[in-house]
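Subject: Model for your files

Hello,

Here is the structure you asked for. My notes follow below it.

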Amino acid sequence: MLTAYCRTCLLALVLALGGCAASSSNIDYTAFRESKPRSILVLPPLNNTPDVRATYSFLSTVTQPLAEDGYYVFPVVLVDQTFKENGLINAGEIHEVSLAKLREIFGADATLYITVTQYGPAYMLLNSQIRVSANAKLMDNRTGQLLWSGAATASDSEGGNNSGGGLMGALVYALVKQVASSVGDQGHTVAHVTSQRLLQVRPNGLLYGPLSPFYEKTEP
Amino acid sequence: MILLVLATAMVAGCERKHLLYEWGSYEDQVYATYSDTGKVPPEQQIEELERDYQVARSENRPVPPGYHAYLGYLYYQIGKVDQSLQSFETEKQLFPESKKYMDFLISRMTHT
């Protein structure tokens, strides 16, 4: 219960940070705006880290930011299970499936390909931190066009003594530490922050989807 | 506690929207399915998700995409096929975007 409560606080904080950040957009959204995807199929992320937990830890953080952006997000566990039942066991094989096939089976408008590039301890000169980094690209299942791509990173030492991230950083630090101690997999807690940063609507990020009241009303 | 108050103040100060959905423990249950250390049996996941659903209903709040589909998956795992089918139908009603995939799952269940 405490965990769930803290998680909510953490997400609220991340949203707040994201909402306050301001930078100019320099991504071409032409294909995205024309495509108007309603539904997003998220494939199990590729894992380019030594920690085998990265794929499914990250997969279980993506539904909330994408759905809150205003998209239908296919149930990630069932999607993974469907692939497994068809003999596709690992993320690498799944990422090879053609967009046409994905559209045929799931009826998805777009597919999100995620790669986790860092998950867990990053050893620094004076201390270590838990860091999770990932990148993603959104593809149109009909045209095969790239609609958007981006990357994000987060660590549990943001705002710590060495990085001097100020008050906001310090808040993230405190909340992340608190949640981490109650979960056991520290990477998973940080993954939530990375996932929010990567997938929430922000400058250079995804656009609001049709299920959001902000759809086509707010510029990123 | 002070941190929480500060965080809340920041959220309020930045003019953010409310969440569209009542999330309950959905993503925590998804994680629990895959986590070796925190594995939770389907029966217990169902119990928690159904309880979240009642809370959401009592507050007249929608549950997120995939919520009922995942419930259907859990019911199927414990052999409750009727409730599983019902959950897939509910997902389809709430989110027509899921129709093709839900129909795919339903047809597989009813033809085996």
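Two residues are in contact if their C-beta atoms, placed from the backbone, lie within 7 Å. Residues 13-23 of chain A are also below 50, with 25 contacts beyond near neighbours in sequence. Where pLDDT is low, the predicted coordinates should not be read in detail. For chain A the mean pLDDT is 82, and 74% of its residues reach 70 or more.

This is a predicted model, in which local features need pLDDT of at least 70 and side-chain atom pairs count only at pLDDT 80 or more, while totals for chains, interfaces and linings use all residues. Residues are numbered from 1 along each chain as its sequence is written, and chains are lettered from A and ligands numbered from 1 in the order in which they are written.

Chain A

Chain A has nine helices and six strands; helices (H or I, at least four residues) and strands (E, at least two) are DSSP runs, numbered from the N terminus. Of its 220 residues, 50% are buried, meaning that 20 or more other C-beta atoms, placed from the backbone, lie within 10 Å of the residue's own. Of the chain A contacts with a separation of 6 or more, 69% are between residues 24 or more positions apart.

In helix H5 of chain A (residues 76-85), the buried residues are A:Val76, A:Val77, A:Leu78, A:Val79 and A:Asp80. Their cover includes elements of both chains, among them strand E1 (39-42) of chain A and helix H2 (26-34) of chain B. After H5(A) comes A:Gly87, with a positive phi near 85°.

Chain B

Chain B has six helices and zero strands. Buried residues are 34% of its 112.

Helices H5 (residues 81-94) and H6 (residues 99-110) of chain B have axes that come within 9 Å and cross at roughly 165°; axes are lines fitted to C-alpha atoms over the stretch in contact, and angles run from 0 to 180 degrees between N-to-C directions. H5(B) is therefore roughly antiparallel to H6(B), the term for angles over 145 degrees. Residues making the contact include B:Leu85 and B:Phe88 of H5(B) and B:Leu105 and B:Ile106 of H6(B).

Regards

Notes
Parallel < 35°, antiparallel > 145°, perpendicular 65-115°, else oblique. pLDDT = per-residue confidence, 0-100. Buried ≥ 20, exposed ≤ 12 C-beta atoms within 10 Å, placed from the backbone.
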